[in-house]
Amino acid sequence: MIKLEGIEKSFGNNHVLRGVDLTVNTGEVVSIIGASGSGKSTFLRTINFLERADAGKITLDDICVDAANADKKDILALCRNTAMVFQSYNLFQHRTALENVMEALTIVQKKPVQEARAIAEEQLRRVGLSDRMNYYPHQLSGGQQQRVGIARALAINPKVMLLDEPTSALDPEMVGGVLDVIRSIAEQGLTMIIVTHEMAFARDVSDRVAFFADGNIVESGTPEDIFVNTRETRTKDFLKHMLAR
Amino acid sequence: MENIFKPSAILEGIKGIIPNIPITLEIAVVAAIIGIILGFILALFRVKKLPVLSQLATLYISFMRGTPLLVQIFLSYYGIPVMLNILNYRFGTAFSINKIPNMVFVYVAFSLNEAAYMAEAIRAAILSVDRKDIEAAHSIGMTGGQTMRRVILPQAMIVAIPNLGNSVISLVKSTSLAFTIGVMDMMGRAKVISGSNMRFFEVYIGLALLYWVMCIIIEFVVNKLEKKFNIRERKVVQND
């Protein structure tokens, strides 16, 4: 279970996160939707300290970190138990697909190379890239790169997987394939927090959806609650705008 | 005509200078190695913005790049004995200031100078590594040291190679200043030969050709290295 309490973050005078609370149970898939600039990506990035929250508490099973005075050990503990899939893939440019996936296993988890390779090959197969293992990122399409990014995250065997707009940078024809991969992982019971602009996907894959606006969660509930029985006007406006596109 | 310009003296000059090539190479290699190590440390001070150390590194680099190498050689030549004397006076040590080989002053001056230039090349290379790669390293739980070794340096190296190569080429040419404090490198040797056969122009043509060939070879090696490390030129390896 991951529990975020009172997450605060400001960039200068810009108060981006205003005491956000979110609890995600083990095996649950939670999607965060909302307009660009509402702070949802920043929120996701405070979980593994890519952005350091000014205040708030992050609890991941038995790891409990107070953001304001977290030390390196706390941050490493969180990073090593979470994995992130980035909007622009963020693959290591100088390593092949296989090496990208093996990196965390051999360097961080100190697994023997043989074992790491076996796991990496297995994960790349899972995302449908067994024939692209020795390609460098620049030799792969956006969709393929993102699937390597997903394999790299899966290989860590994280307690929570964080996905930061995983399809926003993709060409439209690549989106479906990547979403299918994420859907199949979600169905296997991995805990996930997904920031996304894909409304149909969020509705379909999530156990719970949270609508983010002005640095906080305005409304959250089952996909049915959010998309059909919407309560808040702001959520309604946002959905109307998104579906009208 | 033979009295005005004697082409065969060029060849004789080259033959005479060749035995002293190792001295020149020695200066260049020692200065390049110490320069890279020291330059890397200076670059880290600046990239990590370490308090005090970063400012000191900036000051050091500014001084080394803002004063002539020839002056630095003299500072080393006259300064090191003075400093040893001060040590002897203060702490009762007994360093002999008369037995220091001239090469030591040369090593010190060239290494310290080279470090300043290398530091800037390495710093620029480290800063050129994509922020996204560093975020990915953080997200999979790498420590700062692991990120440096596994993600930043391998990519920075590719960027740094051309600049480091240029720096080494200019270093090889600068070694010709070492003769000013009596080191018998290629330049020193050329001075001796030309002084004795009075064929100054011919001998210096030979000397220039030798430096040129050395720099062409270095350039060739640097180009090869650049190709070798550039992933965009690598082919896909299929394993079955």
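1. Leu25(B) is partly exposed in this predicted model. Its relative accessible area is 39%. That value falls between the cut-offs, since buried means under 20% and exposed means over 50%. Leu25(B) sits in helix H2 of chain B, which covers residues 21-47.

2. Leu25(B) also belongs to a nonpolar patch on the surface.

3. Turn to chain A and its strand E3, residues 29-34. Is this strand enclosed by the rest of the structure, or open? It is largely enclosed, because six of its six residues are buried. Val29(A), Ser31(A) and Ile33(A) point one way from E3(A). Val30(A), Ile32(A) and Gly34(A) point the other way. Residues of both sets are buried. In a regular strand the side chains alternate between the two faces of the sheet.

4. Which strands are joined to E3(A) by bridges? One is E8(A), residues 192-195, which runs parallel to E3(A) and is joined to it by four bridges. Within E8(A), Val195(A) is the bridge partner of Ile32(A). Another is E9(A), residues 208-213, also parallel to E3(A), with five bridges. Here Gly34(A) stands opposite Phe212(A).

5. Helix H6 of chain A spans residues 172-187, 16 residues in total. From first C-alpha to last, H6(A) reaches 24 Å. That is close to the 22 Å expected at 1.5 Å a residue.

6. Which residues of H6(A) are buried? They are Val175(A), Val178(A), Leu179(A), Val181(A), Ile182(A), Ile185(A) and Ala186(A). These residues cover an arc of only 160 degrees around the axis, so they lie on the same side of H6(A). The face turned away from that buried side carries the exposed residues Glu173(A) and Glu187(A).

7. Ala118(A) lies in helix H4 of chain A, residues 113-126. Its relative accessibility is 44%, so Ala118(A) counts as partly exposed. How far is Ala118(A) from Ala55(A) in space? The C-alpha to C-alpha distance is 41 Å, and the two residues are 63 residues apart in sequence.

Methods: Residues are numbered from 1 along each chain as its sequence is written. Chains are lettered from A and ligands numbered from 1 in the order in which they are written. This is a predicted model: local features need pLDDT of at least 70, side-chain atom pairs count only at pLDDT 80 or more; totals for chains, interfaces and linings use all residues. Side-chain values use heavy atoms; hydrogens and water are left out. Buried means under 20% relative accessible area, exposed over 50%, partly exposed in between (1.4 Å probe, protein chains only). Helices (H or I, at least four residues) and strands (E, at least two) are DSSP runs, numbered from the N terminus. Two strands pair if DSSP finds at least two bridges between them. Patches are made of residues with over 30% relative accessible area and no salt bridge: like charges are joined within 9 Å, nonpolar side chains (Val, Leu, Ile, Met, Phe, Trp, Tyr) within 5 Å. Accessible areas come from the Shrake-Rupley method with a 1.4 Å probe; for residues, only the protein chains shown count as cover. A salt bridge is a side-chain nitrogen of Lys or Arg within 4 Å of a carboxyl oxygen of Asp or Glu. The expected span of a helix is 1.5 Å times one less than its number of residues. The arc is that of the directions from the helix axis to the C-beta atoms.
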